[in-house]
Amino acid sequence: MKLLKLSRGRLYPALEEPLSEVSLEDWRDNPQEHADATALKISNDTPLGDVKCDLAGFSTIILEFPAFKDGRAYSQARLLRERYGYTGEIRARGDVLRDQLLFMARCGVDAFEFAGDADGANAALKEFSFAYQPAADGLAPVWRKRLDRAAAA
């Protein structure tokens with residue numbers, strides 16, 4: 001898997017930097033043993049309300065996408081950004097497909113362990129010219145643009 005990172009609306013291949021990963025369960029069992037960990041792995045069935053106090057010490061949160069049809073990690077990414085104010089890297093790992101990249105990015109994911117190529121991934125980010133709902137990426141939905149245009153007229 002290649003690591004792609006989002007920067008200024010484009011995905012770029014990134015060097016795989018060595019992360020010291022720890023699962024949430026191992027961190028909770030013995031935080032002193034994992035004090036040097038820089039990345040926290042969170043399974044997609046973990047309620048984030050239980051995790052919020054553990055986030056500050058990690059530069060990377062790795063969200064597990066075990067199957068393309070399981071969207072719980074999308075919600076986790078959005079909660080991390082919007083409710084808990086997490087500003088570090090949120091990385092998608094697992095069954096990360098080209099068709100999901102745009103939606104993951106809109107939810108706040110900014111790094112992807114992806115089997116495809118960067119050109120195809122960047123094309124996926126541009127497949128839709130408008131957003132229909134607000135998300136963690138801050139893009140104005142098309143209905144908001146229409147209202148603003150009508151108000152300005």
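**Exercise 1. A residue of helix α1**

*Solution.* The model is a predicted one, in which local features need pLDDT of at least 70 and side-chain atom pairs count only at pLDDT 80 or more, whereas totals for chains, interfaces and linings use all residues. Residues are numbered from 1 along each chain as its sequence is written, and side-chain values use heavy atoms, with hydrogens and water left out.

Step 1: helices (H or I, at least four residues) and strands (E, at least two) are DSSP runs numbered from the N terminus, and α1 covers residues 24-29.

Step 2: the relative accessible area of Asp-29 is 67%, so this residue is exposed; the scale calls a residue buried under 20%, exposed over 50% and partly exposed in between, with a 1.4 Å probe and protein chains only.

Step 3: from C-alpha to C-alpha, Asp-29 and Ala-140 are 42 Å apart in space, while 111 residues separate them in sequence.

Step 4: Asp-26 is also placed in helix α1, but its relative accessibility is 39%, so Asp-26 counts as partly exposed.

**Exercise 2. The strands on either side of α1**

In which sense do β3 and β4 pair, and what is the handedness of the crossover that joins them?

*Solution.* Step 1: strands pair if DSSP finds at least two bridges between them; β3 (residues 21-23) and β4 (residues 39-42) are joined by three bridges in the parallel sense.

Step 1: Val-22 has Leu-40 in β4 as its bridge partner. The chain passes from β3 through helix α1 to β4, and this β-α-β crossover is right-handed, a term for a path from the first strand over the helix to the second that runs clockwise when the strands point away from the viewer.

Step 2: on to the next strand, β4 pairs with β5 (residues 60-65), again in the parallel sense, over four bridges. Leu-40 stands opposite Ile-61 in β5.

**Exercise 3. The neighbours of β1**

Which strands run antiparallel to β1, and where is Arg-8 placed?

*Solution.* Step 1: β1 (residues 2-7) pairs with β7 (residues 111-114) in the antiparallel sense over four bridges, and Leu-4 stands opposite Phe-112 in β7.

Step 1: β1 is also joined to β2 (residues 10-13) by four antiparallel bridges, and the bridge partner of Lys-5 in β2 is Tyr-12.

Step 2: Arg-8 is placed in the loop between β1 and β2, and the hairpin of these strands has two residues between them. Its phi is near 50°, a positive value in a residue other than glycine. For comparison, most residues other than glycine have a negative phi. Arg-8 has a relative accessibility of 80%, so it counts as exposed.

**Exercise 4. Helix α4 and its cover**

How many residues of α4 are buried, and what does Ala-121 touch?

*Solution.* Step 1: α4 comprises residues 118-125, and Ala-121 is in it. Six of the eight residues of α4 are buried, and the helix is described as mostly covered; the buried residues are Ala-118, Gly-120, Ala-121, Asn-122, Ala-124 and Leu-125.

Step 1: the elements that cover these buried residues include β1, β2, α3 (101-107) and β7.

Step 2: Ala-121 has a relative accessible area of 0%, so it is buried. Leaving aside residues up to four places away in sequence, Ala-121 touches Leu-4, Leu-11, Leu-101 and Phe-114, where contact means heavy atoms within 4.5 Å.

Step 3: the C-alpha atoms of Ala-121 and Tyr-12 are separated by 9.3 Å, although the two residues are 109 residues apart along the chain.

**Exercise 5. The whole chain**

What elements does the chain contain, and what percentage of its residues counts as buried?

*Solution.* Step 1: the secondary structure comes to five helices and seven strands, which run β-β-β-α-β-β-α-β-α-β-α-α from the N terminus on.

Step 1: of the 153 residues, 41% count as buried, and the C-alpha atoms fill a box of roughly 60 × 35 × 25 Å along the principal axes.

Step 2: among contacts between residues at least 6 apart in sequence, 52% join residues at least 24 apart.
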